[in-house]
Amino acid sequence: MIRQKVSIHLSLGSACNLNCKYCFKNSSLKLPKKEEIIKLIDRIFEVYSPEEIQCINLFSTSEPFVNRKLFWELYDYINNKGLYHQCISFTTNGTLLNLEEDMDRFKRHSYCMISCDGTKD
């Protein structure tokens, strides 16, 4: 029996390349080690089947492309767990986004939100 679909938000640290005055990020939060994140993702898939997951949101309180290599490793790892019709989403400020390279890697079920916030400066 399939349970109600869930959306999962993985807020893994708060690394950012900007220092906006209004941002609620806490620079003292550290990104867990890759192995710890993989264990967490594996645990999610032990509790929920891919059919029960509507969306996984990566790095919802930080800039994912500060650590581009880790972001793509986690993206691919989640993508290979069988999320064929669900989304993997993330939010970026867009300043580190390489449209040619990154957009080519996004699969059909990815959702990217680019934040266009700013100050008068």
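Trp72 and Tyr75 sit 3 residues apart in helix H2, about one turn of the helix. This is a predicted model, in which local features need pLDDT of at least 70 and side-chain atom pairs count only at pLDDT 80 or more, while totals for chains, interfaces and linings use all residues. Residues are numbered from 1 along each chain as its sequence is written, and side-chain values use heavy atoms, with hydrogens and water left out.

**Helix H2**
- Helices (H or I, at least four residues) and strands (E, at least two) are DSSP runs, numbered from the N terminus.
- Helix H2 covers residues 68-79, and its 12 residues should span 16 Å at 1.5 Å a residue, which agrees with end C-alpha atoms 16 Å apart; the expected span is 1.5 Å times one less than the number of residues.
- Leu70, Phe71, Trp72, Leu74, Tyr75, Ile78 and Asn79 are the buried residues in H2. Buried means under 20% relative accessible area, exposed over 50%, and partly exposed in between (1.4 Å probe, protein chains only).
- These buried residues of H2 pack against helix H1 (34-47), strand S2 (53-58), strand S3 (87-92), helix H3 (99-105) and strand S4 (110-114), where contact means heavy atoms within 4.5 Å.

**Aromatic rings**
- The structure holds 7 aromatic pairs. Rings of Phe, Tyr and Trp (its six-membered ring) pair if their centres lie within 6.5 Å; planes under 30 degrees apart count as stacked, over 60 as edge-to-face and the rest as tilted.
- Phe71 and Trp72 make an edge-to-face pair, 5.0 Å centre to centre with 75° between the planes.
- Trp72 also pairs edge-to-face with Tyr75, at 5.1 Å centre to centre and 80° between the planes.
- Phe71 has a relative accessible area of 0%, so Phe71 is buried; Trp72 is buried because its value is 4%, and Tyr75 counts as buried because its value is 0%.
- One aromatic cluster takes in Phe65, Phe71, Trp72, Tyr75 and Phe90.

**Cysteines**
- The count comes to 1 disulfide, meaning a pair of cysteine sulfur atoms within 2.5 Å.
- Cys55 and Cys87 form a disulfide with their sulfur atoms 2.3 Å apart. The pair links distant parts of the chain, with Cys55 in strand S2 and Cys87 in strand S3, 32 residues apart.
- The link of Cys55 and Cys87 is left-handed, with -105° about the S-S bond.
- Cys55 counts as buried because its relative accessibility is 12%, and Cys87 counts as buried because its relative accessibility is 19%.
- Cys16 has 28% relative accessibility, so Cys16 counts as partly exposed.
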